[in-house]
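Keep the 3D view open while you read, and look for each part as it comes up.

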Amino acid sequence: MKILITGSNGMLAKAVKNEFKDEELVLTDVNELDITDLEKAISFINEIKPDIIINCAAYTAVDKAEEQKEIAYKVNAIGPKNLAIASKVCNSILVHISTDYVFGGNKPISEEYVEDDIKEPQAVYGSTKLEGEKFIEKECDMFYIFRTAWLYGDGNNFVRTMIEAAKTHNKVYVVNDQHGSPTYAVDLASIIHQAINKRIPYGIYNATNIGNTTWFDFTRDIYKIKGIKTEVIPVTSEEYKRPAKRPLNSQMSKEKLLEFGIKIPSYKDALERYINIEK
Ligand SMILES: NC(=O)c1ccc[n+]([C@@H]2O[C@H](COP(=O)([O-])OP(=O)(O)OC[C@H]3O[C@@H](n4cnc5c(N)ncnc54)[C@H](OP(=O)(O)O)[C@@H]3O)[C@@H](O)[C@H]2O)c1
């Protein structure tokens, strides 16, 4: 299989490269293929004719997006649209990554979002990602959109930040009213691989590790595994205000993927593996 990976220096892209290392890979960063440029996307993709395009490119600065709406829209909405058009021209399968932020986050905590639930993004990043999903649905048929959340892996991420913070702080304050599933990029890459191998039906799938937690409890898990004694103090989202509103409930059901026999590890198992690799 010939696979084109866009945004190849990103956190997920690194895990995807490794997951698909036995395939013929074409890796492109923004200089080699800027996904916001339709002509370039079509000519580049037409030349290499990949069987699959895995779009790991995105504008992921959630808070900055509030001020940089245009660039966020270009990368997160127009970019996927361009890739969808180009993939149709070349008969390639398009794999794209979206986010829990397309949902409103106000479902009761006892419930998880399913794929078809109403979309009510609360901030710019989520609305641009939702536009990207819609363009893909409109422009091509052979696509997978995997909605993930709370991603960590080889790059700057929450786990690394909390471990670093503990080196200089006796206490850390962590939000305790946002609920979701931390997701190891390596496991998301494996989900993508399994889905392709099994040729599950095209469409949109929630794709995070299994199990729900809060950032506060997740930090306690991180410190427990690392043997860190720093005290973790719970705070509310109201107390820890950010420019972009965060969903309180980011929990997404994985039933749709599980029904097709996709194996998804728990977030606790994933965290242990990640921390052991990072050591
Ligand atoms: N991180 C999370 O917690 C999270 C949560 C939910 C969903 N997601 C989604 O998961 C996917 C992967 O996220 P990630 O954390 O791996 O992202 P990331 O580390 O920020 O990587 C994104 C990559 O896209 C590149 N890029 C930006 N604009 C581009 C353009 N116009 N053309 C080509 N490449 C471009 C970036 O290059 P530069 O660095 O040079 O700008 C970067 O290498 C994204 O779709 C994201 O929306 C992430």
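## Overall size

With 279 residues, a compact globule would have a radius of gyration near 19 Å, and the protein agrees with this at 18 Å. The radius is taken over C-alpha atoms, and the globule rule is 2.2 Å times the number of residues to the power 0.38. Along the principal axes, the C-alpha atoms fill a box of roughly 55 × 40 × 35 Å.

This is a predicted model, in which local features need pLDDT of at least 70, side-chain atom pairs count only at pLDDT 80 or more, and totals for chains, interfaces and linings use all residues. Residues are numbered from 1 along each chain as its sequence is written.

The protein has nine helices and 12 strands. These are DSSP runs numbered from the N terminus: helices (H or I) have at least four residues and strands (E) at least two.

## Around the ligand

A shell of 25 residues surrounds the ligand, and the closest are Gly 7, Gly 10, Leu 12, Ala 57 and Ala 58. Helix H1 (11–19), H3 and strand E4 (93–99) each give two or more residues to this shell. To count as near, a residue needs its C-beta atom, placed from the backbone, within 6 Å of the molecule.

The shell divides into 13 nonpolar, 10 polar and two charged residues. Here Ala, Val, Leu, Ile, Met, Phe, Trp, Tyr, Cys and Pro count as nonpolar, Asp, Glu, Lys and Arg as charged, and the others, Gly among them, as polar.

## H3 beside H4

Now find H3 (residues 69–90) and H4 (residues 124–139), whose axes come within 8 Å and cross at roughly 15°. Axes are lines fitted to C-alpha atoms, for helices over the stretch in contact, and angles run from 0 to 180 degrees between N-to-C directions. The two helices are therefore roughly parallel (angles under 35 degrees count as roughly parallel, over 145 as roughly antiparallel, 65 to 115 as roughly perpendicular and the rest as oblique).

Residues of H3 including Tyr 73 and Ile 85 meet residues of H4, among them Phe 135 and Ile 136. Contact requires C-beta atoms, placed from the backbone, within 7 Å. The residues of this H3–H4 contact divide into 10 nonpolar, three polar and six charged.

## H7 and its two neighbours

Which residues of H5 meet H7? They are Val 159, Met 162, Ile 163 and Ala 166, and they meet Thr 219, Ile 222, Tyr 223 and Lys 226 in H7. This contact has six nonpolar residues, one polar and one charged. The axes of H5 (residues 158–168) and H7 (residues 215–226) come within 10 Å and cross at roughly 65°.

H7 also packs with H9 (residues 267–278), at an angle of about 45° and with axes 10 Å apart. H7 and H9 are therefore oblique to each other. Here Asp 221, Ile 222, Ile 225 and Lys 226 in H7 meet Lys 268, Leu 271, Glu 272 and Ile 275 in H9. The H7–H9 contact divides into four nonpolar, no polar and four charged residues.
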